[in-house]
Amino acid sequence: MRTSECDLVIVGVGGQGVILISDIIGRAAVLAGKSICGAETHGMAQRGGSVINHTRIGCSFSPLVALGSADLLVALEPGEALRFAQYLSPEGVALVNTRPVLPATVTAGLACYPPIPEILSALSKHCRRVVDMDATALASQAGTAQAMNVVMLGALSSLIPLSEDDLLSSLSQVVPARFLEANKRAFALGKAEVE
Amino acid sequence: MVREYLLGNAAIARGLMEAGVGLVAGYPGTPSSEIIETIVDLKGDSKLHVEWSVNEKVALEVAAGASWAGKRAAATMKHVGLNVAADPFMTLAYLGVGAGLVVISADDPYCHSSQNEQDSRRYAQFAGIACLDPKNPAEGKEMAAYAFELSEKFNIPVMLRPTTRVSHSRSDVEVGDIRPPARAGHFLKDPARRVALPVHARPLHKELLAKQKEIEAELEGAPWNRLVLRGRTGVIASGIAGLYAQEAIAELDEDLSLLCLGTYPLPGRMMRRMLEHVSRVMVIEELEPVVEEQVKMLARTVNPGLEILGKEDCIPRHGELDLLTVRNAIARMMNRPERLAAKGPDARILPPRPPSLCPGCSHRATYYAMKKAFGKNAIFPSDIGCYTMAVNMGTVDTCLCMGASITLASGISHSDERASICCSLGDSTFLHGGMTGLLNAAYNKARITVAILDNSTTAMTGHQPHPGTGLTATGEPTVQVSLEALAKALGAGLVETVDPYHLDETVKSFERARDYPGLSVIIARQPCVIKARKGGQRLRPLRVNEECKGCKICIDFGCPAIEFEGERARINSLCTGCGVCAAICPASAIEEVAP
């Protein structure tokens, strides 16, 4: 039996804004009167390391998504999509920003970064659907590269049991007013990538 | 009722404030730091006193003082901080409280951001005080408020023990009104309860022991202990493990009895009913077998034939639990198949991404200069902070606990070790636990160099202020303590301050310290690059020109802003303009980007 309505795993690199996506989803769930829980990475791992956020909509159990159970994997960085792919259910969907952030192990020449198509093809064998986009470019197009995470939020918006209205009102609660219009454009551009 | 999507630590902070807390003191430490940060955000112009104390012992004593003066008070810390505060913690249980006193010790199973995974429930048991173990943010909030009542009713400090998955989880939490703290406090003189002379301590110890049964009886009725009697096989789970167990039982659709626990001492009557009802029980808890030991003792009288499963064969005693681990443990007990985690795609093609020092972080420059002056064969004891991540640079040979760099270095120097010794610790760590070690090193003639990596903040835990910053927790200006004056007063012979972005001068300074025949202190001062950038600092970035010979010396420096592409180095968009790589480059091939 299912113990949550929708399980998301949002991954990326410390500083990319993973927590903001979950915060907006959480606030939207509260607006919709749904129970919600999530778990975040703070502290040491945030300094340039891999970060993972678990978000469970319509769930009143623990905040951790079990391996193999995520309905959605939202990756702000392509390598991190693959690193955390074991959380995806075979029926799940992966949304991937194709813009890599090279880890220090690569810039220092100690390791290689795999080609993006190789990452995407490995992912696609593992879940129902992979949607890839250059979310960083889309965010720049919307007016601010900082809004890359909001592009990804827009992309996932039609795949979760929450309304766009609730998501957008939550977005306006957390984004400074002067960046709101750019963020709304970023949201719309991300959403269009999935439709 | 209003609901908000709250971080566990924010929920705990709200719980304290809704209960009218009058003073909160703590030292930053993951996963506890956001409790005080939330209070700073919410306090407005309320009379509530909130502070970052210099360490956890200080924080707990400040909180105890407020409690004795009649204000509800709380001290916040991470689990290892409780080791620092253990001295007042143990004796406060004897002396008791004035107004309610809550000790929040946030545990970190799996060491997400810690040096060990000790279980604070053991400390509460050791001290003889009550411990509340929330399973989620909502319980964290309720328990934080209730802890004051319990503390006042039984005249003991009460521990609230969230874990990382409570402190750093979020959920929808009902929030109420924040209550202003009680009016002006007043310290009542009562030597028999405030002066821990042996003659006072002996009867107080007896009193503390006598209270235990009453505390247990009180907690029997707490809403966080829940018993559902069903089948003859049962599960007993504590804190967040209760949520994993509930979810696993729902998913497996098994008719199991379930006892979820959230308070210590454990509710004896409820435990007894459970043990009388079942013939087989699994105890599920993170880390230590605290509940399991009680179950085993109780079963000897209540149900000697009871089959008890737990840490020995089913549930790991290390790391954190999760749904799959708990589900599979219960499935095995019920002879059901385990659910294996689906094998993910092969991630071995991925490069590792360990946390690392930021681009432009001055610690990298300081360590580079230190190693250049001392040579790679010197011994480099280090400490707890962002700089511990420089372990790959070869300048972090030890990390034990807050401040131990200086004292370990002293011990090594007194052991006939011939190599030079240069230890390092951050500014906040020095003020927390390094000062006594420096004093001891001076007094006992340790011939070492101490580098204070002064980025003028407590960076790793989220940039909290400390006495060297001249600002309080609420951002008010205050005395700015001089590290130079402190180092001299504590007895260091040579004290020099350098800007690590000026690499040559920093190397020379370390060389003088190396050759100094006594205790030397180098203060390497450059604000944390994250904080400086947030404050608007923009230095001109650098670029690599045609002179690059591809020697990779800059690559070995390890800054994430420097990449190697084809035959040459390249500086990427992460560059903050610190300029240290330009000083390192032997071909003078790195220059500032023209304006």
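A helix axis here is a line fitted to C-alpha atoms over the stretch in contact, and angles run from 0 to 180 degrees between N-to-C directions. With that in hand, turn to the model, which is predicted.

## Two helix pairs

Start in chain B. The axes of helix H12(B) (residues 268-277) and helix H13(B) come within 10 Å. They cross at roughly 60°. Angles from 65 to 115 degrees count as roughly perpendicular, and angles under 35 as roughly parallel. H12(B) and H13(B) are therefore oblique to each other. The crossing is right-handed.

Which residues of H12(B) meet H13(B)? They are Met271(B), Arg272(B), Leu275(B) and Glu276(B). On the H13(B) side, the partners are Val295(B), Leu298(B), Ala299(B) and Val302(B). By class, this contact has six nonpolar residues, two charged ones and no polar ones.

Chain A has a helix pair too. Helix H5(A) covers residues 135-142, and helix H8(A) covers residues 180-194. They pack at an angle of about 140°, with axes 8 Å apart. H5(A) and H8(A) are therefore oblique to each other. Their crossing is right-handed. H5(A) brings Ala135(A), Leu138(A), Ala139(A), Gln141(A) and Ala142(A) to the contact. H8(A) brings Ala182(A), Arg185(A), Ala186(A), Leu189(A) and Gly190(A). By class, seven residues of this contact are nonpolar, two are polar and one is charged.

Now look at the sheets of chain B. Strands of a sheet pair through backbone hydrogen bonds, either parallel or antiparallel. One open sheet has five strands, in the order S9-S11-S10-S13-S14 (chain B), with mixed pairing. Its edge strands are S9(B) (226-228) and S14(B) (307-309), and each pairs on one side only. Neighbouring strands are turned by 15° against each other on average, direction ignored.

Inside this sheet, S10(B) (residues 233-238) pairs with S11(B) (residues 257-261) in the parallel sense, over five bridges. The bridge partner of Ala237(B) in S11(B) is Cys260(B).

Helix H13(B) (residues 290-302) lies across S10, S11, S13 and S14 of chain B. H13(B) runs at about 155° to S13(B).

## A seven-strand sheet

Another open sheet of chain B has seven strands. The order is S3-S2-S4-S5-S7-S6-S12 (chain B), and the pairing is mixed. Which strands sit at the edges? They are S3(B) and S12(B) (263-264), each pairing on one side only. S2(B) (residues 23-26) and S4(B) (residues 73-78) pair in the parallel sense. Four bridges join them. Ala25(B) has Ala75(B) as its bridge partner in S4(B).

| Strands | Sense | Bridges |
|---|---|---|
| S10(B) and S11(B) | parallel | five bridges |
| S2(B) and S4(B) | parallel | four bridges |
| S2(A) and S8(B) | antiparallel | three bridges |

## Domains of chain B

The domain assignment of chain B gives domain 1 (2-220), domain 2 (226-333), domain 3 (362-534) and domain 4 (542-592). The centres of domain 1 and domain 3 of chain B, taken over C-alpha atoms, are 32 Å apart. At their contact, 15 residues of domain 1 meet 17 residues of domain 3. On the domain 1 side, helix H2(B) (34-42), strand S3(B) (49-52) and helix H4(B) (79-84) each give two or more residues. S3(B) gives the most, with three residues. By class, this side has nine nonpolar, five polar and one charged residues.

## Where the chains meet

The contact between the chains takes 50 residues from chain B and 52 residues from chain A. Which elements of chain B give two or more residues to this contact? They are S1(B) (2-7), S8(B) (169-175), H11(B), H14(B) (323-333) and S20(B) (562-565). H11(B) gives the most, with seven residues. By class, the chain B side has 26 nonpolar, twelve polar and twelve charged residues.

Strand pairing also links the two chains. Strand S2(A) (residues 36-39) is joined to S8(B) by three bridges, and the two run antiparallel. Ala39(A) has Ser169(B) as its bridge partner in S8(B).

Note on methods:
Residues are numbered from 1 along each chain as its sequence is written. Chains are lettered from A and ligands numbered from 1 in the order in which they are written. This is a predicted model: local features need pLDDT of at least 70, side-chain atom pairs count only at pLDDT 80 or more; totals for chains, interfaces and linings use all residues. Angles under 35 degrees count as roughly parallel, over 145 as roughly antiparallel, 65 to 115 as roughly perpendicular and the rest as oblique. A crossing is left-handed if the near helix is turned anticlockwise from the far one by less than a right angle, and right-handed if clockwise. Two residues are in contact if their C-beta atoms, placed from the backbone, lie within 7 Å. Ala, Val, Leu, Ile, Met, Phe, Trp, Tyr, Cys and Pro count as nonpolar, Asp, Glu, Lys and Arg as charged, and the others, Gly among them, as polar. Domain bounds come from an automatic or database domain assignment. Two strands pair if DSSP finds at least two bridges between them.
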